[in-house]
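Please have a look at the model before reading on.

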Amino acid sequence: IRVRAEGDAILIEDNGIGFDADQANEIFKPFARLASAEHFPGTGIGLAIVERILRRHGATVHAEPRSEGGARFVLRFPPQPGTEVATGSV
């Protein structure tokens with residue numbers, strides 16, 4: 001697992017089994033398993049919990065498959081009051 005910051009995002013990448021891009025909308029649904037329980041134990045609730053916690057804090061999470069295998073999760077949190085970076089010209 002690799003965790004790094006890139007701009008306003010936190011990227012979490014792994015080299016696991018990954019998923020098909022057309023399943024990206026399903027990955028955060030409760031009990032939606034993309035792999036069989038026979039090969040990968042679990043209930044399919046973990047990523048749904050992660051998404052719900054982030055949403056409650058005003059953040060977003062996006063999942064995308066990596067071409068070399070595994071997945072990448074992009075987390076974005078809203079700026080804290082008083083920490084916004086000014087953009088544009090003065």
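Searching the whole structure turns up eight salt bridges, each being a side-chain nitrogen of Lys or Arg within 4 Å of a carboxyl oxygen of Asp or Glu. This is a predicted model, where local features need pLDDT of at least 70, side-chain atom pairs count only at pLDDT 80 or more, and totals for chains, interfaces and linings use all residues. Residues are numbered from 1 along each chain as its sequence is written, and side-chain values use heavy atoms, leaving out hydrogens and water.

**Salt bridges**
- Glu68 pairs with Arg66, their closest N and O atoms being 2.5 Å apart.
- Glu68 is exposed at 54% relative accessibility, while Arg66 is partly exposed at 24% (buried means under 20%, exposed over 50%, partly exposed in between, with a 1.4 Å probe and protein chains only).
- Through shared partners, salt bridges join Arg4, Glu6, Glu13, Glu64 and Arg72 into one network.
- Within it, Glu6 and Arg4 bring their closest N and O atoms to 2.9 Å.

**Aromatic pair**
- The structure holds one aromatic pair, counted when ring centres lie within 6.5 Å; planes under 30 degrees apart are stacked, over 60 edge-to-face and the rest tilted.
- Phe28 and Phe73 have ring centres 6.3 Å apart and planes at 75°, so they sit edge-to-face.
- Phe28 is buried at 14% relative accessible area, and Phe73 is buried at 12%.

**Exposed residue**
- Ile1 is exposed, with 86% relative accessibility.

Technical notes. Rings of Phe, Tyr and Trp (its six-membered ring) pair if their centres lie within 6.5 Å; planes under 30 degrees apart count as stacked, over 60 as edge-to-face and the rest as tilted.
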